Amino acid sequence: MVELINDFAGYTVVWEAENGRDFIQKLMPLDLPDIILLDISMPVMDGFETAQWLEQHYPEIKILALSMHNDNETIVKMLKSGVNGYVLKNADPSELKLALHALEEEGSYYSSRVSAILVEDLYKPKKEKVELSEREIEFLKLACTELCYKAFAPILKIHPRVVETTREALFKKLQVESRIGLVIYAIKHGIFKVE
């Protein structure tokens, strides 16, 4: 791989690392690489952790994931970890060159397969279960009644200001923007049953 990249005009492999931790130790803040080729399957600190670390500390460095993993879950997880491109290890050298060029010029590279996976992930229904506290569940039940928000405080035995913060927290947590959104969520998830 090193020889292959060094053969591409305008590209030079500066150094290699055994794993994520080794990479972090070798990274010089005053001499950062423009692009990092990152394997997913590494001991000690894998590609996911390394990408997340880079995203937090050096978001300006472009990351190209190189992997044998072709499954949707791995690709989506890697993209969500902050990589800017994804290429399979068995890809044609011309695709690798294209990916490096795209990262340099446009900031990202996604093959048609990776783009299709991204779109699919974007539109598939999310299955993540939202954890709700007892107070939040009671609040949702009350939201389904005709009571005004102010009336929630004595029932929940909380300060009126806590009613506001609970409401705002639920809007954020459930990704809704109104009381109607809270009601729909409560009914949909069996928290409130319509008689």
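1. Glu177 sits in the loop that joins α9 (160-174) to α10 (179-188); helices (H or I, at least four residues) and strands (E, at least two) are DSSP runs, numbered from the N terminus. Glu177 is exposed, at 79% relative accessible area; buried means under 20%, exposed over 50% and partly exposed in between (1.4 Å probe, protein chains only). Its C-alpha atom is separated by 18 Å from that of Val162, 15 residues apart along the chain.

2. This is a predicted model, in which local features need pLDDT of at least 70 and side-chain atom pairs count only at pLDDT 80 or more, while totals for chains, interfaces and linings use all residues. Residues are numbered from 1 along each chain as its sequence is written, and side-chain values use heavy atoms, with hydrogens and water left out.

3. The chain holds 10 helices and 4 strands. Its radius of gyration is 24 Å, well over the 16 Å that the globule rule gives for 195 residues, so the chain is more spread out than a compact globule. That radius is taken over C-alpha atoms, and the rule is 2.2 Å times the number of residues to the power 0.38. The C-alpha trace spans about 70 × 35 × 30 Å along its principal axes. Of the 195 residues, 38% are buried.

4. β1 and β2 (residues 62-67) pair in the parallel sense over 5 bridges; pairing requires that DSSP finds at least two bridges between two strands. Leu64 in β2 is the bridge partner of Leu37.

5. The largest pocket has a volume of about 900 Å³. A pocket here is an open set of points on a 1 Å grid over the protein atoms alone, where a 1.4 Å probe fits, with protein on both sides within 12 Å along at least five of seven lines; lining residues have an atom within 4 Å of a point. Volume is the space filled by probe spheres set on the points, which are joined across faces, edges and corners.

6. The lining of this pocket comprises 29 residues, with Val13, Trp15, Ile35, Ile36 and Leu37 nearest its centre. β1 gives the most, with 5 residues. At least two residues each come from α1 (2-7), α2 (20-26), β1 (35-39) and α5 (93-106).
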